[in-house]
Amino acid sequence: MQWITKFISGTALLVLFTFQTAAIAEYASPHTAKVELAAMSGLVMPESAVAHPDGRVFVTEIGEFGVDGDGKVTVLNLDGSSEPLVTGLNDPKGIALFENQLYVADNDRLLRISLDGRMDILANAEDFPGTPQFLNDVEIDGLGNVYISDSGDDDGRHGGIYRYSVEGVIEEILTDASAIKRPNGLLMDGIGQLLVADFGTGKLFRFDINSGNLTALNQGFGGADGLVRDSYGFLYISDWANGKVWQLVDPRSTPKLIADHYESAADIGISADGRFLLVPDMKAGTLEFLPIR
């Protein structure tokens, strides 16, 4: 690893070269230089990424689909190095951070992982009231209730949304009888409201958790995958099938395409400083930092 310091407009720039990424990362005052972060490479089917407030990024790596034991969670450290946080997972997908604990949907089970790599299985397949088929995204409300989407099979059978309560009770709060064919990305949208990306139809829905009512809000997102909102209130949606990312002023607004060069843009996140989208490109095996500020 080699560190080089440059000077632009009187401001020091720290440039990190590392064999573990294909990126050059430049940091400077936004008034003097443009911040550019490129992709971290060498990942095996990266699916979801979340940033810790201290700047570290945690990425799920599926490994080979359908093969148990070759999945993992990788941490990208502040110095540009990366290392496995936990290994031996099955097909880890969605990841969320709550009170310094990571929550991961691992094929047909829900995991809680500490930041030092200790893992607890919160729920196995037999603990779910339905038939977990393809547990996908994870979202957590302000009370600590965990919501897990199940994208079901290719025809949407066994798709739905589960809630793992703070008391440890699992409920199926949305079934495959709903208008959502293959629930994927989840995002809290106020108390008792979830935004849901439908991988099967490319539509965006709002789900009222208490009443069970669904409202279609938008459409045209292909294989809709990740959902995230920045500190300015802009909403971002990724399209796994077509490698695109959109920005929306609000869920009903006309989408603005901001990137379309990915092989398969999976479950997106936001960097700790709020200036970049974390975009796992699953088929390419990379994690890209897409500038949004």
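This section describes the sheets, nonpolar cores and aromatic contacts of a predicted model.

Local features were considered only at pLDDT of at least 70 and side-chain atom pairs only at pLDDT 80 or more, whereas totals for chains, interfaces and linings use all residues. Residues are numbered from 1 along each chain as its sequence is written, and side-chain values use heavy atoms, with hydrogens and water left out.

Strands are DSSP runs (E, at least two residues) numbered from the N terminus, and two strands are taken to pair if DSSP finds at least two bridges between them. Strand E10 (residues 109-114) is joined to E11 by four bridges in an antiparallel arrangement, and Leu111 has Ile121 of E11 as its bridge partner.

A further open sheet of four strands, with antiparallel pairing, has the order E16-E17-E18-E19. Strand E16 (183-188) and strand E19 (214-218) are the edge strands, each pairing on one side only. In this sheet the twist averages 30° from one strand to the next. Five bridges connect strand E17 (residues 193-198) with strand E18 (residues 204-208), and the two run antiparallel. Val196 is placed opposite Phe205 in E18.

Strand E14 and strand E15 (residues 170-174) also run antiparallel, joined by four bridges. Within E15, Glu172 is the bridge partner of Tyr162. The two strands E14 and E15 form a hairpin with five residues between them, and Gly168 in the turn has a positive phi of about 90°.

Nonpolar cores were defined as sets of buried Ala, Val, Leu, Ile, Met, Phe, Trp, Tyr and Cys residues joined through side-chain atoms within 4.5 Å; buried denotes under 20% relative accessible area, exposed over 50%, and partly exposed the range in between (1.4 Å probe, protein chains only). The largest core has 16 residues, of which Tyr103, Leu110, Val146, Ile148 and Tyr164 touch the most other members. Two or more residues each are given to this core by E8, strand E9 (101-106), E11, strand E12 (135-140), strand E13 (146-150) and strand E14 (160-164). E12 supplies the largest share, three residues. Beyond its neighbours within four places in sequence, Leu110 is in contact with residues including Asp120, Phe128, Val146 and Tyr164, contact meaning heavy atoms within 4.5 Å. Another core, of 13 residues, lies apart from the largest one and has Val50, Phe58, Val75 and Val104 among its members.

Four aromatic pairs were counted, with rings of Phe, Tyr and Trp (its six-membered ring) pairing if their centres lie within 6.5 Å; planes under 30 degrees apart are stacked, over 60 edge-to-face and the rest tilted. Phe65 and Phe134 are stacked, because their ring centres are 6.5 Å apart and their planes lie at 25°. Phe65 belongs to the loop between strand E5 (57-61) and strand E6 (71-76) and Phe134 to the loop between E11 and E12, so the pair ties together parts 69 residues apart in sequence. Phe65 is partly exposed at 40% relative accessibility, as is Phe134 at 24%. The charged end of Lys93 sits over the ring of Phe134, 4.4 Å from its centre, and that of Arg182 sits over the ring of Phe134 at 5.9 Å from its centre; the criterion places NZ of Lys or CZ of Arg within 6 Å of the ring centre and within 35 degrees of the ring normal.

Methods:
Axes are lines fitted to C-alpha atoms, for helices over the stretch in contact, and angles run from 0 to 180 degrees between N-to-C directions.
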